[in-house]
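The report that follows is written for a reader meeting this structure for the first time.

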Amino acid sequence: MEAQMILQSQRGSVTNFHSFTSLRSITNQKTTTRRQCSSMKIKSVLKRPSAATTASSISLIPDTIISSTSSSSTVYTDSWFDRIAIHYLSRCIQLITGMKNEKTGYEGLVEAAAALHRSSNGNIEHQQGLVLQALNKAFPKPIHSFVRNSIPQSQFKREFFAKFTTLFCVWLVGRSEIKESEVEGRKEKNVVHIKKCRFLEESKCVGMCVNLCKMPSQKFIKDSLGMPVNMVPNFEDMSCEMIFGQEPPAQANDPAFKQPCYKFLCKSKQKNTSGCSTL
């Protein structure tokens with residue numbers, strides 16, 4: 001009888017031990033689950049300030065800077081002809097200014113133009129005059145005379161200049177397309193719309209655009225090639241329109257000279273402590 005009671009007591013102890021073990025296992029699982037949930041909440045809370053900080057820092061950037069930096073840079077694959085033309089124009093600028101650089105390709109061309117821009121100490125007439133000399137050196141005078149005198153001012157000549165620019169100047173200004181405008185009551189395909197100017201995108205300098213490209217090019221194309229042209233840059237999206245046959249406004253009335261340069265982006269301003277002035 002006593003032995004039977006002892007055996008039952010031992011069985012009860014074993015049963016209680018298993019029950020206690022099961023209960024402890026369940027408790028541990030609940031504790032682990034709670035810890036995991038708590039850890040996930042902590043991680044979630046820690047992530048929120050980072051996202052908020054990023055959003056806040058972006059919202060503080062001016063809209064003009066966001067529009068200029070958000071779009072990716074255009075990638076160009078220059079042909080052998082493009083590389084020769086780029087090198088030739090770069091060398092012409094360097095010979096006129098007497099300032100050489102060792103950079104190659106389009107970067108070398110922009111560096112040559114930037115060196116000219118920095119050395120003039122804000123004298124825009126001097127800048128424009130040097131670029132005009134470089135353009136006249138790049139295009140021999142017999143070519144000037146032939147283009148200026150062989151084709152009279154007409155719709156054909158205006159459309160010819162637009163077509164030529166679109167086909168053969170991609171290496172210099174970027175991809176473009178022809179658009180129409182009204183000339184003396186008739187529609188003509190005399191406008192070249194440059195989708196994103198390669199020179200402006202690379203230099204990121206309004207002063208270089210206006211004084212080393214727009215003004216000298218307008219004067220060169222009119223005086224040397226016999227074709228008036230108005231170049232209208234859009235500094236918001238870096239596009240530009242060349243309207244052949246249209247006289248440009250006087251410099252004092254030209255909206256391009258009232259445009260401030262790109263804040264934080266202008267390479268000329270970063271290298272030249274005296275700043276970058278378009279006026």
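## Salt bridges

K103, E107, E111 and R118 are joined in a network of salt bridges, a salt bridge being a side-chain nitrogen of Lys or Arg within 4 Å of a carboxyl oxygen of Asp or Glu. The model is a predicted one, in which local features need pLDDT of at least 70 and side-chain atom pairs count only at pLDDT 80 or more, while totals for chains, interfaces and linings use all residues. Residues are numbered from 1 along each chain as its sequence is written, and side-chain values use heavy atoms, with hydrogens and water left out.

A search of the whole structure finds 9 salt bridges, and the table gives some of them.

| E111 | R118 | 3.2 Å |

Helices (H or I, at least four residues) and strands (E, at least two) are DSSP runs, numbered from the N terminus. Both E188 and R158 are buried, where buried means under 20% relative accessible area, exposed over 50% and partly exposed in between (1.4 Å probe, protein chains only). E201 and K196 are likewise both buried.

Helix α3 (residues 80–97) has 18 residues, and from its first C-alpha to its last it reaches 26 Å, close to the 26 Å expected at 1.5 Å a residue; the expected span is 1.5 Å times one less than the number of residues. Its buried residues are D82, A85, I86, L89, S90, C92, I93, Q94 and T97. An α-helix has 3.6 residues a turn, so residues three or four places apart point the same way. The buried residues of α3 pack against α4 (105–119), α5, α8 (170–173) and α9 (198–203), and α3 is followed by G98, whose phi is positive, near 75°.

Helix α5 (residues 124–138) contains Q127, which counts as buried because its relative accessibility is 1%. The side chain of Q127 makes a polar contact with the side chain of H117 at 3.0 Å; such a contact is a pair of N or O atoms within 3.5 Å, and within protein one must be able to donate a hydrogen and the other to accept it, with residues adjacent in sequence counting only if both atoms are side-chain atoms. Leaving aside neighbours within four places in sequence, Q127 is in contact (heavy atoms within 4.5 Å) with L116, H117, S120, G122, N211 and L212.

## Strands and core

Strand β1 (residues 176–183) runs antiparallel to β2, to which 7 bridges join it, and two strands pair if DSSP finds at least two bridges between them. E177 stands opposite H193 in β2, and in the hairpin of β1 and β2, which has 2 residues between the strands, E184 takes a positive phi near 55°.

The largest nonpolar core has 53 residues, of which F199, M208, I221, F235, M242 and F244 touch the most other members. The largest share of this core, 9 residues, comes from helix α10 (residues 206–223). A nonpolar core is a set of buried Ala, Val, Leu, Ile, Met, Phe, Trp, Tyr and Cys residues joined through side-chain atoms within 4.5 Å. Not counting residues up to four places away in sequence, F244 touches residues including R158, F161, I221 and V229.
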